[in-house]
Amino acid sequence: MWIITAAVLIIALFEYSVAGSCPPELATRPCKCKVEDNVVVLICANITDETVLEGVGRRTAGAIFDTFILRNSRIKSIPVSFSHHNLTTLQIEDSSLESLFDLSLCASNAITTISLLNVNFEGGFKWNEVKPSKKLRSLVIVRVTISGLDYDFKNDVSKDLEYLLLNETKIEKIDDDIFREFTKLVVVKINYSGLKTLKRSYFPSPCEISVLELNGNQIAILPDDIIEYMPHLKAFEVSNNEISEIPQTMFSILKHPLISIKIEGNPLNCGCNLRWILSIEKLNVYGNCETPARLKGKPLQNLTTADFICH
């Protein structure tokens, strides 16, 4: 009986590898496979023993999974054999691991997207976990403690990275020129991470960035040149920080006035030093005055000459 079952499984796997659909349920248990828009996704949840994943890997040898999702699990690491399934996307949610993979990934792996969402790494997350992913284009890390954006990031993360999102990562410091060699970056989002300082020198000059978000940090000063040499920038957000002054020089170097700038939730001073903002055509700056008291809560876009009583 076992021989018959094994034979059926082998035939089903062969058909799967040709047709590009999910392997039989018997091969993927306790994980589940589904196909969405021609993308084969393997989802494993509530795993507490990595040998379970090793078994799934063995039973689906030769199969191709585009995406692997691990949820609500507590294991030492993901068997590196999973990368042999031609994975392009790896997503881990609400889980605890000692390290990402049990062995170093082969440099020829096809992973282009890694998402770590509320993942606890024993001893902290280290950038060398993603170093073998030479084709990495998108990196999303949310509610994962990261020591900092430093030399290890520059040395270990693919320079072909295009999308970077770091939310609630407790990053307080970024090294100068941290993204200098990441010339293909298009989207950078570092939100709610405790960042206190913002510098133009973090980024390439010029650079390809179209979206730059630094919301919910502790930034108090906007550098005059923060958006200089960013010809493709469409959205710049620094909401919910500690910014009180908006530098006029930041707008004097702005080449495309239709850029959206969000400074909401900051203690903005709308005194006479901000009167220059009235001269900006097609103002797309979103934020509200905090001081003086008579203008508290007034949107920047609604300011008029009458609001500035200057002598």
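Asp-177 is partly exposed, with a relative accessible area of 29%; here, buried denotes under 20% relative accessible area, exposed over 50%, and partly exposed the range in between (1.4 Å probe, protein chains only). The structure is a predicted model, in which local features need pLDDT of at least 70 and side-chain atom pairs count only at pLDDT 80 or more, while totals for chains, interfaces and linings use all residues. Residues are numbered from 1 along each chain as its sequence is written, and side-chain values use heavy atoms, with hydrogens and water left out.

The side chain of Asp-177 forms a salt bridge with that of Lys-154, at 3.0 Å from N to O. This pair connects distant parts of the chain, with Asp-177 in the loop between strand 7 and strand 8 and Lys-154 in helix 4 (residues 151-156), 23 residues apart. A salt bridge is defined as a side-chain nitrogen of Lys or Arg within 4 Å of a carboxyl oxygen of Asp or Glu, and the count by this rule is 12. Helices (H or I, at least four residues) and strands (E, at least two) are DSSP runs, numbered from the N terminus.

A salt bridge at 3.7 Å, N to O, also joins the side chains of Glu-213 and Lys-189. Glu-213 belongs to strand 9 and Lys-189 to strand 8, 24 residues apart, and both residues are buried. In the pair of Lys-298 and Asp-307, the closest N and O atoms are 2.8 Å apart. Lys-298 is partly exposed at 24% relative accessible area, whereas Asp-307 counts as buried at 9%.

Strands are treated as paired if DSSP finds at least two bridges between them. Strand 7 (residues 163-167) runs parallel to strand 8 and is joined to it by 5 bridges, with Leu-164 having Val-188 as its bridge partner. Strand 9 (residues 211-213) is likewise parallel to strand 8, through 3 bridges, and Val-187 stands opposite Val-211.

Contacts of Leu-149 (heavy atoms within 4.5 Å) include Trp-127, Phe-179 and Ile-190, residues up to four places away in sequence not being counted.

The whole structure contains 4 disulfides, each a pair of cysteine sulfur atoms within 2.5 Å. Bonded cysteines, counted along the chain, follow the pattern 1-3, 2-4, 5-7, 6-8. The sulfur atoms of Cys-22 and Cys-33 are 2.0 Å apart, and the link is left-handed, with -80° about the S-S bond. For Cys-31 and Cys-44, the S to S distance is 1.9 Å, and the link is right-handed at 110°. Cys-31 lies in the loop between helix 2 and strand 1 and Cys-44 in strand 2 (residues 39-45), so this pair ties together parts 13 residues apart in sequence. Cys-31 is buried at 3% relative accessibility, as is Cys-44 at 0%.
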